Structures are given as structure tokens and as C-alpha cells.
Amino acid sequence: REEGDRINKDDPAYAKIDEMMDYVLGKQLKDGRPSYLPHVVVNRMKKGILSHVSALTDLRPLFAFKTYNVKFDQHAYLLNRYVQAWWINAFADLDLADCIKYALVAGCGDLLVEYDPRFLQGDSRLIPRDPRDTLAIRPSRDRTIQSWMGVTIREARTPASLAAEFPPFKERFLAMSKETFMGRIFTRFKRAGAAI
């Protein structure tokens, strides 16, 4: 965890991420305003980000299954229809939009693809995450995360949710503050992202 945090903090933009998120959310005046001025913020930055997000998410899945063996044409057709149905039913474009918002504001976004047995009667879901909560383990210089040794995904979970997911270990999960065990978890922008 410490090594991954150090790698993230080496990025010159890391220290400005919270400031940029505040700016986009409309907190552009740091010292406050005099009481006699109106509390109106003309947030042109937010409009620009929403325009970019709209343009980048107004699409459908860009990949398709194709076969050169005519015996499997029906299978390819069914797989392509399944992907389109998943894209619509999982609201994948909205999760992609949240990831793009992180990328436009923080310089990077992270989209976790995870199987969830409770999602759409058991299916993969997309989880947009703050890039500061994805900690690299021995990253390479390639463009893909697949060539890294691994990643640590930092997230806050309640003891009750962990006990429900891992019943044999329920007595091991104790409530503790975020700062005690995992350090700071960057979820503020995600919670406020509904306002963007």
C-alpha cells in the first residue's frame, strides 16, 4: 500500500486533485465571499466537462464477436446481442461517464470490471473509482495495467457487508476508522458526482 501511494504521489498533479474537484463542483472561491455579494457561481468548467462526457459516452459497445467459420455465425450473432443487452441493462454508459469525469478532472480514471452475483441476476458490473484508490504493485512502462505485477484496490466496506460476504471470517471483521487501517479513501468526488 505504501509503495503504491508513493507511486501515485510522484505524479505532479496528485496534490491538485482535491483542488480541481472542488473547482469543478463550484467551490471556486477559496476565501469565501463578502456577505453583501450574491452566492452565484457561473461554472463554465462544469459545462465543459459535461459536454465532453456527453460526447464520449453517446455510443454503444465498440467491439463485436466475429467468426470466419460459418458454422459459428449464429453464436457470434447471439454474443453480440448479449453484449448490447448488457450495455443497456447495466447502464454501462453512466459508469463510463463517471470514469471519464475522474479522468477529465484528476488526469486519470479507473473503471473496475467485477462480477457481482447480485447484479442483474449475476453479471459483470462496471465500478468507476478514484484513481488514487488504485495502487500499483510493481508497474511496468507499458500502456496496459495487465502487464503490472498487480494492483491493490482500496475501498471502504462495513464489517456487516464483509461478514455477509465471508461468513467463516465474520468474527475477524471489526469496525475501525478509515484512517486506522487503510488510510484515506478518496470517495468524495464519487458521492458529489451526482451533482456534476
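**Close-up 1. Arg-129 reaches the backbone of Arg-154.** A polar atom of the Arg-129 side chain sits 2.5 Å from the backbone oxygen of Arg-154. That's a polar contact: a pair of N or O atoms within 3.5 Å where, within protein, one must be able to donate a hydrogen and the other to accept it, and residues adjacent in sequence count only if both atoms are side-chain atoms. Keep in mind that this is a predicted model, where local features need pLDDT of at least 70 and side-chain atom pairs count only at pLDDT 80 or more, while totals for chains, interfaces and linings use all residues. Residues are numbered from 1 along each chain as its sequence is written, and side-chain values use heavy atoms, with hydrogens and water left out.

Close-up 2. Arg-129 belongs to strand β2, residues 123-129 (strands, E, are DSSP runs of at least two residues and helices, H or I, of at least four, numbered from the N terminus). With a relative accessible area of 7%, Arg-129 is buried (under 20%; exposed is over 50%, partly exposed in between, using a 1.4 Å probe and protein chains only). Skipping neighbours within four places in sequence, Arg-129 is in contact (heavy atoms within 4.5 Å) with residues including Tyr-102, Asp-110 and Glu-155. Gly-109 is 20 residues away from Arg-129 in sequence, yet their C-alphas are 6.8 Å apart.

**Close-up 3. Thr-57 in helix α3.** Thr-57 lies in α3 and is buried, at 13% relative accessible area. A polar atom of its side chain is 2.8 Å from the backbone oxygen of Val-53. Beyond neighbours within four places in sequence, Thr-57 is in contact with Asp-93, Leu-96, Ala-97 and Ile-100.

**Close-up 4. The largest nonpolar core.** This core has 10 residues, among them Ile-17, Val-53, Ala-97 and Tyr-102. To count as a nonpolar core, buried Ala, Val, Leu, Ile, Met, Phe, Trp, Tyr and Cys residues must be joined through side-chain atoms within 4.5 Å. Helices α2 (17-24), α3 (44-57) and α5 (92-106) each supply at least two of the core's residues, and α5 gives the largest share, 5 residues. Apart from this core lies another one of 6 residues, including Trp-86 and Phe-119.

**Close-up 5. Residues around the largest pocket.** A pocket is an open set of points on a 1 Å grid over the protein atoms alone, where a 1.4 Å probe fits, with protein on both sides within 12 Å along at least five of seven lines; lining residues have an atom within 4 Å of a point. Here 19 residues form the lining, and Asn-8, Asp-11, Cys-108, Pro-131 and Trp-148 lie nearest the centre.
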